[in-house]
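Please keep the sequence and the 3D view side by side as you read.

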Amino acid sequence: MNSYNENLHSSVLSSLESQEMTKKQLGTQLNASTFTLYYAEGAEIVAQEKLAATTSMYKEKQIINTEVVKNKNIADNILLSANQQKTYITQSVTNMAVCASNIQIASNSIVRLASDIGSIYSIINAADYGTQIYQQAFEAYNLINKTAYNAEETSQIAMEATASIAAVATATVSDGAKLTNTSVNNLLQVTTADLTAITAILTVDNDTNSKASIATRAAEGAIKCSEVEYEASKKAYVSNNKQFNQNLIVEVAEPFDPAAGTFTVLFDKYKSPFTPEDRDSSTQNIGLKKPVQSYNIVLVKDSKKSFFSVSTAEDLLNSPSQFKRITVLQDTNDKGNYSVPIAYKEFRDSDNDPVILGENYVAFLLIIFTEGYKKEINTFDEYLSAPSETFTLTYTLQNVGEIKVSRDENSAKELSKISFDVPKEEELKANEIDYRCFFLPYPDQPLGDIDLNNLDYDIETLELEEGIKAVEAEIKFFNEELEILNTPNQNTDAAKNAKDQELEKQKSNSLKVAIADVKAKLVISKSELAALNVQLKEAKKNAPKEVINVNAFFFNLNLAENIPAGNYTSARHHKGTSGTELVAHIDHTTTDNFGNPLIGDKNYIPVVLSYYKGAEIFNNKYTNSLSDWQNTPPIPYSAIENHNKPTI
């Protein structure tokens with residue numbers, strides 16, 4: 001591998017590794033934000049319960065204060081976003097200026113090189129016309145001219161981008177957000193003081209609720225920012241992976257089925273940097289037309305990916321169980337996307353160890369080039385991709401079935417137990433699984449304005465819709481420009497001398513070039529618009545399904561796994577049943593998921609977590625599962641007034 005390829009490959013590895021690390025860090029930050037939000041919501045729910053007992057005679061002032069609190073939260077988030085965008089825009093201006101400068105330097109160097117090659121070509125054209133060296137010089141001359149044109153165009157785009165980013169007015173937005181935030185803070189202080197003057201008891205309860213609400217909204221804003229940054233890092237990694245790493249992706253079905261035992265490796269076909277059309281028609285270019293002989297997939301433990309090299313990969317080709325080969329037939333005109341199923345039980349990793357559940361792996365793609373292509377590019381090394389994202393094969397525990405509720409007839413119709421069926425786990429013993437039962441308080445009103453459980457989908461669709469609007473504006477501009485260019489010249493004076501006629505001819509040629517350029521840009525924009533519409537349609541097709549519990553607070557598997565022992569009840573196998581039914585008994589010591597006692601007719605969502613509690617060394621092999629809490633109807637703890645109605 002020549003020094004340029006080594007440096008390029010090293011840069012790609014470094015870039016992808018850095019972006020994957022950034023994504024992991026942002027993922028960790030996002031998880032931390034979810035816990036902050038979860039406990040903030042718990043505190044807010046408790047504050048609301050206390051406030052509800054004394055708020056009936058103060059509804060008007062309470063509504064006013066709540067609205068101001070919401071405005072305060074919005075103002076805080078706006079101020080946070082405004083300061084953040086001011087910092088990022090300032091950094092972007094600096095980065096773009098440096099980028100434009102570097103591109104201009106590179107462009108100047110390429111233009112000088114083009115000039116030198118042009119001089120060489122002129123000399124050879126005069127001295128050795130028709131010889132082999134003339135043919136090679138002619139090809140080099142054409143290629144460097146094409147490269148120089150692209151460099152100039154890139155330099156122009158960079159300068160335009162620098163000017164555009166510098167024109168963004170960040171200080172105005174930041175100052176306005178600060179002023180708004182100060183005003184809202186002042187308004188909040190006034191309403192809080194007014195509410196305090198009415199009654200000391202209500203003041204204490206309301207102040208607690210307000211602080212809890214502010215903390216919740218702040219946590220909500222933080223998780224939104226974290227989610228946006230995390231999604232941006234994912235998109236950046238996907239983009240770089242697609243452009244520089246053959247779009248190498250490992251897809252593992254969720255939940256993964258160890259019985260079927262397959263996962264999928266996807267990648268794009270290798271594209272040569274030069275095409276046969278770049279060569280002269282009289283020159284043989286078989287190698288450029290068919291560059292790849294075979295693609296080979298190798299699995300490597302994540303802990304050893306840094307030491308895996310192309311020579312190591314080539315050595316593995318002698319062991320059929322350690323790689324998956326996809327042969328490229330010479331008469332195949334494929335479009336470029338490969339999807340390769342891998343049976344993990346039949347595969348071994350680079351250490352010749354069986355692929356097992358719970359181990360972190362990465363996939364590498366080794367591309368074997370044809371001899372003709374190697375001769376064409378004068379490089380005889382094979383190509384090894386950067387590692388894919390880390391993936392792990394795990395066994396997902398079975399979800400419970402329908403959750404049934406029983407009530408105590410002798411104690412005001414309070415809940416006495418919940419029961420449910422669960423398929424038998426063939427992989428585990430009964431004592432290795434803990435079925436943890438939670439009761440999530442179900443608010444009468446949503447705690448937030450945005451469904452955080454579907455925030456990633458909202459971000460994706462919003463980005464696509466904004467992209468469509470931008471491309472539609474481009475198309476409108478190109479159409480208007482084309483209409484102007486196609487407007488005929490009204491100057492029909494026939495008496496023109498030869499000089500005027502030559503000038504008109506040059507203008508006509510320039511006009512044709514301009515029209516062709518606009519038409520080409522219009523075609524590209526229409527193609528982009530069609531692609532964005534397809535992506536938006538696909539995203540909406542895969543939109544999250546509507547749920548029953550629209551007022552439920554933010555909750556997920558990760559939060560459920562970290563609920564402390566005193567806040568859940570473990571279910572036990574019920575005697576006399578078939579062995580698949582489990583029961584969790586409820587009494588006055590039972591609490592909700594936040595550790596608060598269950599209250600009267602307040603609604604709760606029963607949730608069951610299937611949790612692995614076997615040997616700790618096998619924790620990585622199993623993935624816990626959570627019941628469908630978003631579609632489990634809430635039930636009241638006590639049903640004195642509606643005991644004749646079904647509870648679920």
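1. A word on terms to begin with: buried means under 20% relative accessible area, exposed means over 50%, and partly exposed lies in between, using a 1.4 Å probe and protein chains only. Cys-225 counts as buried because its relative accessibility is 19%. Cys-437 is buried too, at 2% relative accessibility.

2. Please bear in mind that this is a predicted model, where local features need pLDDT of at least 70, side-chain atom pairs count only at pLDDT 80 or more, and totals for chains, interfaces and linings use all residues. Residues are numbered from 1 along each chain as its sequence is written, and side-chain values use heavy atoms, with hydrogens and water left out.

3. How many disulfides are there? A disulfide is a pair of cysteine sulfur atoms within 2.5 Å, and by this rule the count is zero.

4. Now to the strands, which are DSSP runs (E, at least two residues; helices are H or I, at least four), numbered from the N terminus. Nine of the 10 residues of strand S3 (residues 292-301) are buried, so S3 is largely enclosed by the rest of the structure.

5. Two strands pair if DSSP finds at least two bridges between them. S3 pairs in the antiparallel sense with strand S6 (residues 360-369) over nine bridges, and Val-298 stands opposite Phe-364 in S6. S3 also pairs with strand S4 (residues 324-327), again antiparallel, over four bridges; there Tyr-295 has Ile-326 as its bridge partner.
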